[in-house]
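My notes follow the order in which I checked them.

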Amino acid sequence: MQVTRLNHTRYRVSNLERTVKFYKEVLGLQELRRHKSPRGSELVFLKAPLSQELIEICCYPASGPVQVQPDLTHLGFEVDSLEEFGRHLASLGLKYSDGPTLRPGGGGFAFIDAPEGYEIELIEMSKGKELA
């Protein structure tokens, strides 16, 4: 017996609407659905345009405020161009928190900080190669 695919990843947040707005407006994710779990969590499911896996943003105030430790976890998203994405961030009054770090053979990566302290990695793949 084995699992067949990754369905979703969950991130718990204190401010659901601020976080969902960031993922939609800054990263361009699509909101697929919202609902309340049987125990009372508010859940929003988001998806990147070319991905099958979902991101579940969860707000469960009864568990207390979210405290994200530095370098605990991050989500990595591919972008066509780190330079173009940097201009997109600037148009929103944002900037990379780290990088971009470019590879000699092309491609590279950079980070931005999402609400609540989660990191988002942006990856530009080198043409014809995977980023290691």
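I began with burial: of the 132 residues of the chain, 39% count as buried, where buried means under 20% relative accessible area with a 1.4 Å probe and protein chains only. The model is predicted, so I kept to its rule that local features need pLDDT of at least 70 and side-chain atom pairs pLDDT 80 or more, while totals for chains, interfaces and linings use all residues. Residues are numbered from 1 along each chain as its sequence is written, and side-chain values use heavy atoms, with hydrogens and water left out.

I then looked up the secondary structure and found two helices and eight strands, taken as DSSP runs (helices H or I, at least four residues; strands E, at least two) numbered from the N terminus. Along the sequence I read the order β-α-β-β-β-β-α-β-β-β.

Next I turned to the largest pocket, which holds about 710 Å³ of space; a pocket here is an open set of points on a 1 Å grid over the protein atoms alone, where a 1.4 Å probe fits, with protein on both sides within 12 Å along at least five of seven lines, and lining residues have an atom within 4 Å of a point. I noted 25 lining residues, of which Ala-48, Ser-51, Gly-76, Phe-77 and Glu-78 are the closest to the centre of the pocket. Strands S4 (54-59), S5 (74-79) and S8 (119-124) are the elements that give two or more residues to this lining, and S5 gives the most, with five.

How values were computed. Grid points are joined across faces, edges and corners, and a volume is the space filled by probe spheres set on the points. Buried means under 20% relative accessible area, exposed over 50%, partly exposed in between (1.4 Å probe, protein chains only).
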